[in-house]
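The following exercises concern one protein model.

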Amino acid sequence: MLYHAKNGSVVLGKTEMEYVSFGTGEKTLVMLPGLGDGLKTARGLAVPFALMFRQYAGDYRVYALSRKNALAEGCSTRDMARDTREAMDLLGIERADVIGISQGGMIAQYLAIDSPQAVGKLVLAVTLARQNPLIEEAVGSWLRMAEADDYKSLFIDTAERSYSQAYLKKYRALYPILTRVGKPKSFERFIIQAHACLGHDAYGELDRITCPTFVVGADCDKVVGPDATRELARSIAGSRLWMYAGLGHGAYEEAKDFNSRVLEFLREM
């Protein structure tokens with residue numbers, strides 16, 4: 001299969017965690033996606049993931065890990081980090097470089113805090129360490145839409161908050177189609193993960209992150225905000241910061257150099 005892409009799952013207690021893997025490199029890279037994982041897990045997405053992140057395939061065997069299929073009510077980002085570590089153990093991953101995007105970045109913070117021996121280098125993209133009015137308003141709105149079973153509004157509002165106007169102009173015409181596909185059978189996982197986002201607060205423990213860290217943000221981020229990105233970078237000793245100008249929360253998809261910039265950091269000795 002393309003880039004040796006593979007769909008898989010591991011058993012965690014009475015449920016499973018879906019993952020995709022690809023690449024032929026000697027090193028291991030773990031990728032943790034954002035809140036969209038609450039709507040659709042990584043199941044069946046091996047080839048799309050491999051294509052989107054193919055630049056890592058030569059250096060790494062990449063594992064993109066979802067959250068557990070069945071999440072307990074009140075599950076926190078720290079709990080999700082523990083689940084991630086358990087899945088890594090089951091997959092035979094003792095140590096990996098880690099990329100966390102949005103909520104995945106929140107989980108990655110706790111992974112590096114609680115299991116420092118498991119994290120080589122850390123990339124935290126469009127994420128934050130603690131709450132602010134922007135994320136409370138954005139995720140709060142998405143929660144209300146999910147609770148109302150309103151996938152159309154949730155999809156459109158997420159897109160409008162995440163991408164630049166230039167990007168949106170290309171895709172707004174597809175909203176009628178895109179909002180009719182992809183609706184989950186249940187919003188339960190999304191709602192639990194959204195509450196976990198709103199409860200995330202690793203700010204007081206960031207000094208426990210000692211691995212090389214690259215923080216990536218965007219100055220037009222309407223979900224976590226650029227100030228939160230800068231605060232995160234200031235609070236992790238020795239971390240490096242890159243801010244995209246004119247882009248928002250979806251910078252990791254829009255910026256053509258995102259993967260190459262991250263890979264350059266990961267390749268440094």
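**Exercise 1.** Which residue in S2 is the bridge partner of Asn-7?

*Solution.* The model is a predicted one, in which local features need pLDDT of at least 70 and side-chain atom pairs count only at pLDDT 80 or more, while totals for chains, interfaces and linings use all residues. Residues are numbered from 1 along each chain as its sequence is written, and side-chain values use heavy atoms, with hydrogens and water left out.

Step 1. Helices (H or I, at least four residues) and strands (E, at least two) are DSSP runs numbered from the N terminus, and two strands pair if DSSP finds at least two bridges between them.

Step 2. S1 and S2 run antiparallel and are joined by seven bridges. In S2, Val-20 is the bridge partner of Asn-7.

Step 3. The two strands form a hairpin with two residues between them. Gly-13, in the turn, has a positive phi of about 65°.

**Exercise 2.** Describe the sheet to which these strands belong.

*Solution.* Step 1. The sheet is open and has eight strands in the order S1-S2-S4-S3-S5-S6-S7-S8, with mixed pairing. Its edge strands, S1 (6-12) and S8 (240-244), each pair on one side only. From one strand to the next, the twist averages 20°.

Step 1. Strands of a sheet pair through backbone hydrogen bonds, in a parallel or an antiparallel manner. The pair of S2 (residues 15-22) and S4 (residues 60-68) is antiparallel, with five bridges. Ser-21 stands opposite Tyr-63 in S4.

Step 2. Helix H3 lies across S3 (27-32), S4, S5 (96-101) and S6 (119-125), and runs at about 145° to S5. Such angles run from 0 to 180 degrees between N-to-C directions, with axes fitted to C-alpha atoms, for helices over the stretch in contact.

**Exercise 3.** Why does the pair of Tyr-151 and Phe-155 count as tilted?

*Solution.* Step 1. Rings of Phe, Tyr and Trp (its six-membered ring) pair if their centres lie within 6.5 Å; planes under 30 degrees apart count as stacked, over 60 as edge-to-face and the rest as tilted. The whole structure holds ten aromatic pairs.

Step 1. One of them, Phe-53 with Tyr-56, is tilted, at 6.3 Å centre to centre and 40° between the planes. Phe-53 is buried because its relative accessibility is 3%, and Tyr-56 is likewise buried, at 0%.

Step 2. The ring centres of Tyr-151 and Phe-155 are 6.2 Å apart and their planes stand at 55°, so this pair is tilted. Because the two residues are four apart in helix H5 (residues 151-162), about one helical turn separates them. Tyr-151 is buried, at 9%, whereas Phe-155 is partly exposed, at 23%.

Conventions. Buried means under 20% relative accessible area, exposed over 50%, partly exposed in between (1.4 Å probe, protein chains only). Contact means heavy atoms within 4.5 Å.
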